[in-house]
Number of protein chains: 2
Amino acid sequence: MSLDGEEAGPVFQDKEKALDFANYFCSYGYLYHQKDMLQDRGRMDAYRNAIVRNPGCFEGKVVLDVGAGSGVLAIWAAKAGAKRVYAVEATSMAVHARRLAEQNGVGDVVEILEGYMEQQTLPEKVDVIVSEWMGYFLLRESMFDSVLVARDRWLRPGGAMYPSHAQLFMAPLCSSLYHARVAELNEELNHWQEFELYMSEENGLTVEGLRESYSKEQLEYLLQSAQWCQIPERECIGDRFCILDLDTHTCTKEDITVVKSDFTTRISHPAALLNAFGGWFDVQFCGSESDETPNPVELTTAPSNSTHWAQQVFFIHPPQEVEHGDVIKGSIVLTRQKVNHRLLWLEVKFTVMRITLHNTELQPVAPERTLKYKID
Amino acid sequence: MSLDGEEAGPVFQDKEKALDFANYFCSYGYLYHQKDMLQDRGRMDAYRNAIVRNPGCFEGKVVLDVGAGSGVLAIWAAKAGAKRVYAVEATSMAVHARRLAEQNGVGDVVEILEGYMEQQTLPEKVDVIVSEWMGYFLLRESMFDSVLVARDRWLRPGGAMYPSHAQLFMAPLCSSLYHARVAELNEELNHWQEFELYMSEENGLTVEGLRESYSKEQLEYLLQSAQWCQIPERECIGDRFCILDLDTHTCTKEDITVVKSDFTTRISHPAALLNAFGGWFDVQFCGSESDETPNPVELTTAPSNSTHWAQQVFFIHPPQEVEHGDVIKGSIVLTRQKVNHRLLWLEVKFTVMRITLHNTELQPVAPERTLKYKID
């Protein structure tokens, strides 16, 4: 951003890239946004410790930082003893990263490459790839695609990925946010009645025929879209379950393009209202099989951990009463949105099952339900 | 928006259209957004009165509504006696407009055409074009381009445009918002100091070298971008001046693509701080030369009028002291942004001039200043 002249970002080969840039990369070009991420202590502590506490994994190595932003991972890698660090950044943040590397005394080690990862040609293979590619619910933003391209083209056999592993978790919730959203929905629907009156009395028009569509739109917005939320641990009413477990050294684009998983979870709280599923991720820094980190590090975004990712909440509307010991069996399908592949759809199918006095086997206590959510 | 299947909008011929659709039209596809506009009484009263109080201008006529939204202008035109109304709408709002037209008893008169205006072929020329095309500072969104295409292709000679005229105004301000923004800027810069400390102590990195860039970014965001604001009339400290006056029957795309205008305004308040210019627009509904409305209507978005457009504020930073009777002479250039032609740049050059005891002619009391603003 400059008032002297307008920055259009890189010159684009095609208009789809331009759209992608405009919609996705722009916010990462602002220092304000970078500062927000740099102030996320959970995030910073994990990456810093993963690198700085494992200098043996970086000393004399060639490192690639994919989506470097302000370049701190690259700088840490250089400070940990890397021989050479290539830091690829698509936005104009690259200019700031270059300055930071210099001012932190590693300008001769860190080479900032401005542009898309997919368009880079490195002069050599690398020993280590570091990247902070995780979006909400791990996969939103689809940035890991670029990391996979980098890995398959530039990581030498046996090289290490930072992070090395990633898991996507969900858990049944009794969320206080649900009640807030239902109240909001009711308020909107009440206000629509006033609106109908105003349109009829002052403008001589009936808009009754749009009431149902308006309700549907509000329902989708308030209760059928994933919500960013700091979930307190106490709102988890059952065991978490893992719906995706990646080894970033070996996983493929297919593994993350469509995620399908069955799940089982058990309600661990007394009689409660099941009104949502929560979702979050963990990543680990363990190095590669042939170059394990002596001091592995984990970054968790689980409930009660405050990172800028927080957690995602998927409401169950209407909610369902559950009891201690109930078992929820189900399946999820996580796919990308067609119009914007960086955004997601999540479908959850589930059945609440119970052992009753009359039956020693788990029986459904309510029909199977299918819910679908936008992750925007 | 639908949870059953994903709506991609119309099928696009090229990706630029897809970008335009994604960036611009989406919000207009939500009833929530339409409801907001329908609740803008200044806007609704003006259009309703322009149509309903001038039935002679609509009776038996063929009407075209460009960017019909929920279709209320089309419905009013039909109710005022139009023989036929074509209502063109690019978003899925077209479906709702069709239902509204039917339920308001004019489904046989109003024909909803879903798609871009530029791609429509009407079976006949029209007598009247109605459209609510005005964006912030009149020209933001560049929607009037589509109205011009419609006019040049489909309006019969002598046909009438609703609105028929539009003006863009500015005035010198002593804005209370300026002080709020300066306080915000100072807070951000103070916080940066804390951030430097945290980055150095906890992460072992110096980020001092980004301080200047961060200040510049915050300055641009907070003080060099147009701000949406409800300006109270009392904050206008001088006469308004007109920088654009359009007859929508005859103006051309060139008239709105680059707007250049000289201006002179006189400070009418006692000694005051000039810390901003305000900007707003008026439109009139007077019909065409050959088909004048008996009851002309004006829609004004001037300070102290509350419409959803409110006003735009362009800060003068640092501010300048002015006295009653001072004359400000200057010029403006309003252009479109390159990356997104729906957004604007405004450049203002001005000199504050005064008659002193020693000199009976206006003399500059400060050097000429040039300020540039993003209208995003």
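Here are some questions and answers about this predicted model.

Visitor: How do helix 2 of chain A and helix 7 of chain B pack: roughly parallel, roughly perpendicular or oblique?
Guide: Let's begin with the geometry. Helix 2 (residues 31–38) of chain A and helix 7 (residues 176–203) of chain B have axes 12 Å apart, and the angle is about 45°. Because of that angle, helix 2 of chain A is, relative to helix 7 of chain B, oblique.

Visitor: What is the handedness of that crossing, left-handed or right-handed?
Guide: Happy to say: the crossing of helix 2 of chain A and helix 7 of chain B is left-handed.
From chain A, the contact uses Tyr32(A), Lys35(A) and Leu38(A) of helix 2. Helix 7 of chain B brings Glu188(B), His191(B), Trp192(B), Phe195(B), Tyr198(B) and Met199(B). So the handedness you asked for, with these residues making the contact, is left-handed.

Visitor: Is Lys61(B) buried or exposed?
Guide: Lys61(B) sits in the loop between helix 3 (41–52) and strand 1 (62–66) of chain B. Beyond its neighbours within four places in sequence, Lys61(B) has contacts that include Asp127(B), Val128(B) and Asp291(B). Its relative accessibility is 14%, and the cut-off is under 20%, so Lys61(B) counts as buried.

Visitor: Which residues does Met37(B) contact, leaving aside its neighbours within four places in sequence?
Guide: Met37(B) belongs to helix 2 (residues 31–38) of chain B. With 7% relative accessibility, Met37(B) counts as buried. Its contacts, apart from those neighbours, are Tyr28(B), Arg43(B), Met44(B) and His308(B).

Visitor: How many of the eight residues of helix 4 of chain A are buried?
Guide: Helix 4 covers residues 72–79 of chain A and is mostly covered. The buried residues are Val72(A), Leu73(A), Ala74(A), Ile75(A), Trp76(A), Ala77(A) and Ala78(A). Just after the helix, Gly81(A) has a positive phi of about 110°. The number of buried residues in helix 4 of chain A is seven.

Visitor: How far apart are the end C-alpha atoms of residues 177–351 of chain A?
Guide: An unreviewed UniProt entry places the feature "domain: Protein arginine N-methyltransferase" at these residues of chain A. The span is 26% helix and 43% strand. Its end C-alpha atoms are separated by 23 Å.

Technical notes. Residues are numbered from 1 along each chain as its sequence is written. Chains are lettered from A and ligands numbered from 1 in the order in which they are written. This is a predicted model: local features need pLDDT of at least 70, side-chain atom pairs count only at pLDDT 80 or more; totals for chains, interfaces and linings use all residues. Side-chain values use heavy atoms; hydrogens and water are left out. Axes are lines fitted to C-alpha atoms, for helices over the stretch in contact, and angles run from 0 to 180 degrees between N-to-C directions. Helices (H or I, at least four residues) and strands (E, at least two) are DSSP runs, numbered from the N terminus. Angles under 35 degrees count as roughly parallel, over 145 as roughly antiparallel, 65 to 115 as roughly perpendicular and the rest as oblique. Contact means heavy atoms within 4.5 Å. UniProt positions are given in the numbering used here, feature names are shortened, and annotations may be inferred rather than shown by experiment. Buried means under 20% relative accessible area, exposed over 50%, partly exposed in between (1.4 Å probe, protein chains only).
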